[in-house]
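Hi,

Here is the structure for you to look over. My notes follow below it.

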Amino acid sequence: MRLTIFWERMADHFGEAYAESFARDHVMSELGGRTVHEALDAGWEAKDVWRAVCAAVDVPADKR
C-alpha cells in the first residue's frame, strides 16, 4: 500500500484533522507501543499499520 492511499484511508475514516492528531498522539499496542507516525518512521509497511489501526478502532470491513 502506498502512503498516499494509507493517508487517504485515515482521512476517510477519521476526518482530515483528526487523522493527523490520531496518528501523532495515539499510542497503540498493536504497533508495539508506537504511534502511527513512529511505526511508519521505524520502517513498518503502511499496509501493516493500516491493519493495526483497523483492529484498534474497529474500522468497518468495507473500509479496510
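Helix 1 and helix 2 lie roughly perpendicular to each other, a label for angles of 65 to 115 degrees (under 35 is roughly parallel, over 145 roughly antiparallel, the rest oblique). The axes of helix 1 (residues 3-14) and helix 2 (residues 16-25) cross at roughly 110 degrees and come within 7 Å. Axes are lines fitted to C-alpha atoms over the stretch in contact, with angles from 0 to 180 degrees between N-to-C directions. Helices are DSSP runs (H or I, at least four residues), numbered from the N terminus.

On helix 1, the contact (heavy atoms within 4.5 Å) uses W7, M10, A11 and F14. Helix 2 supplies E16, Y18, A19, E20, F22 and A23. By class, that is 8 nonpolar, no polar and 2 charged residues; Ala, Met, Phe, Trp and Tyr are among those counted as nonpolar, and Glu among the charged.

Now the rings. There are 5 aromatic pairs (ring centres within 6.5 Å; Trp by its six-membered ring). F6 and W7 have ring centres 4.9 Å apart and planes at 80 degrees, so they pair edge-to-face (over 60 degrees; under 30 is stacked, the rest tilted). Ring pairs also link F6, W7 and W50 into a cluster. F6 is buried, at 0% relative accessible area. W7 is partly exposed, at 26%. Buried means under 20%, exposed over 50%, partly exposed in between (1.4 Å probe, protein chains only).

This is a predicted model: local features need pLDDT of at least 70, side-chain atom pairs pLDDT 80 or more, while totals for chains, interfaces and linings use all residues. Residues are numbered from 1 along each chain as its sequence is written, and side-chain values use heavy atoms, without hydrogens or water.

Best wishes

Key: Helices (H or I, at least four residues) and strands (E, at least two) are DSSP runs, numbered from the N terminus.
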